[in-house]
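Take a walk through this model, one piece at a time. Keep the sequence beside the 3D view as you read.

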Amino acid sequence: MNPNLKLEFLANGLALLTIDSQGQKVNTFSAATIIEFASHVADLTPRTDVRGLLIASGKSGQFVAGADLNELAVLSEISRAESAELIARGHRLFQALSNLPFPTVALINGACMGGGTEMVLSLDHRLAADIPQTKIGLPEVKIGLIPGWGGTQRLPRLVGIDAAIEMITSGEPVGARRAVEIGLVYDAVPVERLIAEGTYLVEESHRTGDWLESRRRLQQPLGLSDDQLNFAFAVAEGAVKAKVKGQYPAPVIALRTMKDGINRTLEDGLAIERSSFQEVLETPISSTLIAQFLNSTRLQRETGVDDSGTAPRSIQSIGVIGAGLMGSGIAAAHARRGVRATMVDIDRARVEDGMRRARSTVEDRIAIGRATQNDLADMLQRLTGTTSRLAFQDCDLIVEAATENETLKSQIIGEMANIVRSDAIFASNTSTISITRLARSWPSPERFAGMHFFSPVDRMPLVEVVRGEKTSDETVATIVALAKRIGKTPIVVRDCPGFLVNRILMPYMAEALVLLEGGVEMDRIDRVATKWGMPVGPITLYDMVGLDTGLYAGEVLRVAYADRAVPTSPVLAELVKLGRHGKKTGKGFRTVDKKGRFVADPDVEQLVAAHVHNRIELSDEDIADRLFVCMALEAVRAWDERISRQPGDLDMAMLLGVNFPAFRGGPLRWCDTEGAGNIIRRAAKWESLGPRFGIPASLAEADRTGSRFYQTSQTTVARAP
Ligand code: NAD
């Protein structure tokens, strides 16, 4: 096996240990690497002839990315004793490193994260390359964990509690300069000077002898008074708890671990950290967040098609039909990222409106310091608006974002075939119309697909790439590559009414109205949904998206899924008839006040009261189940039809498209966490309400066989010899 670490002895008496994970773009601390590392440290420990140790990376601009995430993903699946051993192995290694009989220096030449940071914290000195790639952090809380290899204890002892709390509970890294300011590294130096400066530090340490004193100090309690400790942590705890809303335990546990450990010896503090680490592993959240991280890195790599030989076509320019809300957003998103975009609408005024909206996407960013005037000028150079479709003659790809009307769209598609290049690709942004049907109006349906953006385009990361019956792999791969190029996350789905996200969302939205007409107050419905983790409740979502849009989309899906969909809500239909279309008209389920907030409206309450029938008493749990079990069952049906390519794609689409709560991982992951049997029992309670609460065959099967949507990871973790 190729080694991941190389130990050399330099002429000046120093040892140089270089980390270079074989066959990987980044260095990680897999269990195998830790074992290898430990054997080098064991060899170095008795060496009285070595003056010092430098630890460097063999990869340019990258130090150590942290533990191997595939291995972390299995941590929650292995036994408690095994995970405890993995953690203890890291602690033993870093303790042994910190006790080597000569000065030790880390030469940090780029990203240094998680376990990488914990390793450098156990050395006597750290030097950072003064380059933008240098980022030092402990991002564990972002994947539901806490630093488990000494980070919660060594960082506060080195940089003080305030800076440590900030870094550990936010998970945000610091750059080289900031690392110097807080005392995390000794200095930031030019990258090519790292070895020379490291050598100098070893010699200085020998000259002054203070490295031994520092070591002794860092093993001791921090020695804060109770008042100091309580004050610092009380403030932080309030801020962290407000941020995580009881849904993400890791930052709170990290905080408690620091507080409990730093006024004890390092050894005792590390024992507390080990037990806290087991505590976070016991929540399902860390494995859920790690699975999500792996899903998103997989999506970044994937081409969207099974055949790895399919290359995407190069797209230099696009044409956008319709300069409305979506069209202007789509054109701006492309022009901002280097793709020429031309918008066409039916009259000059609409084109100008679209151009104004496109400009404002960058102007709004300039206002908050996220873009510059140059970015605006660059975008405008690549963006044009006109009323003449002849401007599309040379475009590589057309995105259609005209008014949602099948006859109109089919007509536009047919007309465009006579204008654009014969090899151009056509993508429709329709939210409800069948891509397979629309493709019939295009001369080559294999070069036709859905490219479904979400509103507002500049903020929503998801693009559903909808595969019609005849869409070719090349077309899918081209749209996937284009969506990535403009910074979006494309997820390939098969054509079906509502595609993936709206199909799964709609039963939940409809159920909210069934609850409303069953006498549950709209504030309570929204409150239960937000407590469950949604950023806004379904009634507020109607007001934000538009009641007219909700009514229309709901109607399409009701017809398409007539076997189980609930009848159209009379309340929704009446509100739309009254012109109460939500935020855009200033009135919907609630009224928008002068400050832009949605407030209760007695007129609507009266209208709703007139429609309330079959009032029954429901607990908050009942309401949550009616909303979310209903949604999850539709997700299972969509997966059974393989509308997405993987369960992880379906879940990511719901996270990115409707902000499904990340800590629950997506509807399918939620079914896995709760257990199929549990979901079935809860659905059965509402069976009498109709087939929407019927159990899909695969869920019943999962209950019988104990299978899960997410298969247990195949990764194994190396054991100590
Ligand atoms: P919109 O009404 O803001 O814009 C539609 C534009 O198309 C209008 O400016 C209209 O003048 C123009 N148009 C109509 N006929 C045309 C023609 N023959 N040639 C050129 N332009 C023409 O609507 P929108 O919200 O931007 O929706 C556009 C499409 O995007 C629809 O298919 C919709 O379903 C879809 N969509 C909307 C959302 C959303 O939240 N609004 C989200 C995803 C997808």
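Two strands pair if DSSP finds at least two bridges between them. Helices (H or I, at least four residues) and strands (E, at least two) are DSSP runs, numbered from the N terminus. This is a predicted model, where local features need pLDDT of at least 70, side-chain atom pairs count only at pLDDT 80 or more, and totals for chains, interfaces and linings use all residues. Residues are numbered from 1 along each chain as its sequence is written, and side-chain values use heavy atoms, with hydrogens and water left out.

Start with strand β9. It pairs with strand β8 (residues 135-137) in the antiparallel sense, over two bridges. Val174 of β9 is the bridge partner of Ile136. Both strands belong to an open sheet of four, in the order β4-β6-β8-β9, with mixed pairing. β4 (62-64) and β9 (174-175) are the edge strands; each has a single partner strand, so one side of each lacks a neighbour in the sheet.

Now move to strand β12, residues 340-344. Four of its five residues are buried, meaning under 20% relative accessible area (1.4 Å probe, protein chains only). Strand β11 (residues 317-321) pairs with β12 in the parallel sense over five bridges. Here Ser317 has Arg340 of β12 as its bridge partner. β12 also pairs with strand β13 (residues 383-386), again parallel, over four bridges.

Next, the ligand. The shell around the ligand has 23 residues, each with a heavy atom within 4 Å of it. Met326, Asp345, Glu404, Lys409 and Ser431 come nearest. By class, the shell holds 10 nonpolar, eight polar and five charged residues. Nonpolar covers Ala, Val, Leu, Ile, Met, Phe, Trp, Tyr, Cys and Pro; charged covers Asp, Glu, Lys and Arg; the others, Gly among them, are polar. α14, α17 (406-417) and β16 (448-453) each supply at least two shell residues. α17 gives the most, with three.

Which polar side-chain atom lies 2.6 Å from an oxygen atom of the ligand? The atom belongs to Lys409. Taken alone, the ligand exposes 830 Å², and the protein buries 79% of that (Shrake-Rupley method, 1.4 Å probe).

Methods: Buried < 20%, exposed > 50% of the residue type's maximum accessible area, 1.4 Å probe, protein only. Polar contact = N/O pair within 3.5 Å; in protein donor to acceptor, adjacent residues only side chain to side chain.
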